[in-house]
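Please consider the model shown below together with its sequence. The account that follows is an explanation in running paragraphs.

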Amino acid sequence: MTPKNRTNPLVLIPLFLLSLACLIPLWLIFMVSLTNENDISTYGYRFWTDNFDFTAYRYLRHDAETIGRAFGVSILVTIIGTVVSLFVTSAMAYSLSRKEFPLRGFLSFYVFFTMLFSGGLLPWYLVYTRMFHLQDTLMVLIIPGLIGGFNIFIMRTFFTNSIPPSLIDSAQIDGASEYRTYFSIILPLSLPVLATIGLFVTVSYWNDWFTSLVFINNEKLYTLQYFLNKTLLNALFLQSIANKAYSSTAIITPPLESIRMAMAMLAILPISLVFPFLQKYFVKGLTIGAVKG
Amino acid sequence: MATSIIAPATETIASKPQKKLLQRLWKYRSLLILAIPGFALLFVNNYLPMFGIFLAFKNLNYTKGILGSDWVGFDNFKFMFASNDAWMIIKHTILYNFTFLAINTVLAVLLAVLLNEVRNRILSKFFQSTMLLPHFISMVIVGYLVYGFLNPELGFINKSILEPLGKETIAWYASPEYWPYILTIVNTWKSVGYLAVVYLAAIVGIDQEYYEAARIDGAGRWKQMTKITVPLITPVIIIMTLLAIGRIFNADFGLFYQATMASGMLKSTTEVIDTYVYNALLVTGDTGLAAAAGLLQSVVGFILVITVNRIVKRFSSDNALF
């Protein structure tokens, strides 16, 4: 019999293997990004290299015009999108959480129905391109991700369950307006749910490539993810970017293979860096999302 | 006198609810204002496209305008079902989703039970972190990871496994027969950890008294797993499964588009409804097909969600969506 506080190795082995399987593909890409271009063409992509080579990263540092710009677009869209999304979502959720609000029932259904039925890709595409003419703008990268029924309901549930109505009543007896109540009482008390939802909104903006795929043709507005998508699917695109920055570096032939993988590493970097520290919030977000909150 | 008293009285009774509603709306106008931005965004992003479903019955012509285009009845649907494409994409979408669901559920429950047995906190956190990481990586990067293994000239499998073994290398992105397996592996890699964490949350919620009682009765670890843990999380498994069935008509566009690198040669095994709609709209420009397939997907999806909710309600009304 194993002692109570020891874990059975039969439990640990499959879990170790799975963790390894989750990390191995990332390790492969990481090693390729550090491998000398000659070695890549001789041995292919491998899990280890004898000749470490940082040319790809040095090259990317010089290339502010293309990948630097895409990085910038992604950061801008993510920050604006997350902040605006949190305000819009929490404001609507707050209204829906107030029992006195006369349109509560109607608006709840209005939000809920968007979770049941969707018009499909074509009408959605036409609304943004033909009605509002937003193709090739920063706006179209931000607007579609701002609001979602699920997040509104998660926040509404939090407000109803965690903020006692008497608190709101007493604030308003003291003369606080609804806006003031929302800003100075509700929001500060709701930091856990704001952090959880904010984190998920941030990740979904950072990882979004679909909106760009559908609406963006202007290279200057490529987000990092879409930029990566283009470089993977289109070898000529990668070549043209490499040539553009070629003159500004001392490198004779740009190491295309390792550059490609180095860019992918840079795109994962922000999430992998914060992930271990914010794991609690990630897990919380997943479980309220799946098992109704 | 009497009538004049009654008359206004009846009038107030008749208009009372309306007047009261308006009064209350005025009183709570600040709450209305707080809800307006969200209302407007949902209107633009979700409701306007819903009104656009009539496009499935039109022959969309941009020069005539969206409203001015000709009505064609069910021609778009007839055209879609006249080729074998419609049945192929429906079959693919459903078969892939069922396979993913079956494999993911079995593996995730197994992993959750194993994770619950890990006594060391740091180790448990490490496992959860690494298993969750794929869920938060974008599909574009997943495309890169797959490419790292399957690149025909340099990829790990061709260059480091098949070549040294003296076997012929495989042009992965031109060989549709392998993709049902590849896509299943990629999907499992990406979602099994997340599902396991969800099931683990359900297991952690089980009352410890059950286990204590079982230990007193002499039940070992294996007995506790099979007789307590699994039966007690079965409701969660059923609900997660039903919810997934409600989405069975919606494929994961990112997986089918990015992992395959949008290779046209793989379509015979990898084309699903979502990629078909995308191609019809933005690659071939066949808006009629895009609209018809999109509407079909929305309507079937709607019916499925409503039906599944009814079934969930029967199991446990707490977990029903509505």
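Predicted model: local features only at pLDDT ≥ 70, side-chain atom pairs only at ≥ 80, totals over all residues.

Residues are numbered from 1 along each chain as its sequence is written, and chains are lettered from A and ligands numbered from 1 in the order in which they are written.

The domain assignment of chain B, automatic or taken from a database, gives domain 1 (2-54) and domain 2 (75-319). Their centres, taken over C-alpha atoms, are separated by 44 Å.

Between the chains, the contact (C-beta atoms, placed from the backbone, within 7 Å) takes 83 residues from chain A and 81 residues from chain B. Helix H2 (residues 29-51) of chain B gives the most to the side of chain B that touches chain A, with 16 residues; helices are DSSP runs of H or I with at least four residues, numbered from the N terminus.

The largest nonpolar core has 154 residues, of which A:Ala264, B:Ala196, B:Tyr199 and B:Ala293 touch the most other members. Such a core is a set of buried Ala, Val, Leu, Ile, Met, Phe, Trp, Tyr and Cys residues joined through C-beta atoms within 7 Å. Helix H8 (residues 179-204) of chain B gives the most to this core, with 12 residues.

In helix H3 (residues 75-82) of chain B, B:Asn76, B:Phe77 and B:Met80 are buried (20 or more other C-beta atoms within 10 Å of the residue's own; exposed means 12 or fewer, and partly exposed lies in between). Because these residues cover an arc of only 95° around the axis, they lie on the same side of H3(B), the arc being that of the directions from the helix axis to the C-beta atoms. B:Lys78 and B:Ala82 are exposed on the other side of H3(B). The buried residues of H3(B) pack against helix H4 (85-117) and helix H14 (287-315) of chain B.

Methods:
Helix = DSSP H or I, 4+ residues; strand = E, 2+ residues; numbered from the N terminus. Contact = placed C-beta atoms within 7 Å.
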